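Subject: A structure for you to look at

Hello,

I am passing this structure on to you, and I hope you enjoy looking through it. Please open it first, and then read my notes below.

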Amino acid sequence: MKMARILSLSIALATTAPAAASPLAGSEAAEFLILHNRARDAERLLRLEWSAELSEQADEWARKLAKDGRLRHSLWSDREGTGENLWMGTAGFYSFAHMMGAFTGEKRDFRPGTFPDVSTTDRWQDVAHYTQIIWPDTRKVGCALATARGRDVLVCRYWPAGNWFGSKVGR
């Protein structure tokens, strides 16, 4: 697989036009994989593989969210057993590292344990992006970035999904 076809960038032609897909260069897709695996390396977990299929699925949802202008998870039934992390910000302002930092920064509130009892804040939602990234059974990731109406939307999909109640996460 070529990395250039893995991560998609969607660009709105006008504020009312639907977002259109355009692939990013391989180094940009590789950067998202590196950032994911850096978090997994810190937890001594197997590294994730990049999935073009997950990236394409994420692209479709990212374009819809960017066009709609609000974040919401796709229906579980539409994701075929994949997990999902979402991020939104001002178009062109944030680096990939900053976007991923919003997910991995949740580590500050994470404590190893049995999900959902994995947060020092007692709210599993405060660490759910991070736990999806470091979920021990997850093996693949694919992300897409869409731009429309002055905002960037990042959608990452994970297979198999994490954050299963009653399952252990962390060392």
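In this predicted model, strand β4 (residues 83-90) runs antiparallel to β7, and the two pair over 8 bridges. On another pairing, β7 is joined to strand β6 (residues 140-148) by 9 bridges, again in the antiparallel sense. The hairpin of β6 and β7 has 2 residues between the strands, and R149 there takes a positive phi near 55°. Since 8 of the 9 residues of β7 are buried, this strand is largely enclosed by the rest of the structure.

Because E84 lies in strand β4 and R157 in strand β7, the pair ties together parts that are 73 residues apart in sequence. Both E84 and R157 are buried.

At the other end of your tour of β7, have a look at D152, which lies in this strand (residues 151-159). Is D152 buried or exposed? D152 is buried, because its relative accessible area is 5%, under the 20% cut-off. Its side chain makes a polar contact with the side chain of T147, at 2.5 Å. A polar atom of the D152 side chain also lies 2.9 Å from the backbone nitrogen of G92. Other residues that D152 touches include W87, M88 and M99.

Now for the salt bridges elsewhere: a search of the whole structure finds 10 of them. One of these joins the side chains of E43 and K107 (3.7 Å, N to O). This pair links distant parts of the chain, with E43 in the loop between α1 and β3 and K107 in the loop between α3 and β5, 64 residues apart. E43 is buried at 8% relative accessibility, whereas K107 is partly exposed at 38%. D122 and R111 form another salt bridge, with the closest N and O atoms 3.5 Å apart. K64, D68 and R72 are linked in a network of salt bridges.

Finally, a word on confidence. The chain averages a pLDDT of 85, and 85% of the residues score at least 70. Confidence is highest in helix α4 (residues 128-133), at 98, and lowest in strand β1 (residues 8-12), at a mean of 29. Over residues 1-25 the pLDDT is below 50. Where pLDDT is low, the predicted coordinates should not be read in detail.

Best wishes

Methods. Residues numbered from 1 in each chain as written. Predicted model: local features only at pLDDT ≥ 70, side-chain atom pairs only at ≥ 80, totals over all residues. Heavy atoms only, no water. Helix = DSSP H or I, 4+ residues; strand = E, 2+ residues; numbered from the N terminus. Buried < 20%, exposed > 50% of the residue type's maximum accessible area, 1.4 Å probe, protein only. Contact = heavy atoms within 4.5 Å. Polar contact = N/O pair within 3.5 Å; in protein donor to acceptor, adjacent residues only side chain to side chain. Pairing = 2+ DSSP bridges. pLDDT = per-residue confidence, 0-100. Salt bridge = Lys/Arg side-chain N within 4 Å of Asp/Glu carboxyl O. Lists of a residue's contacts leave out its neighbours within four places in sequence.
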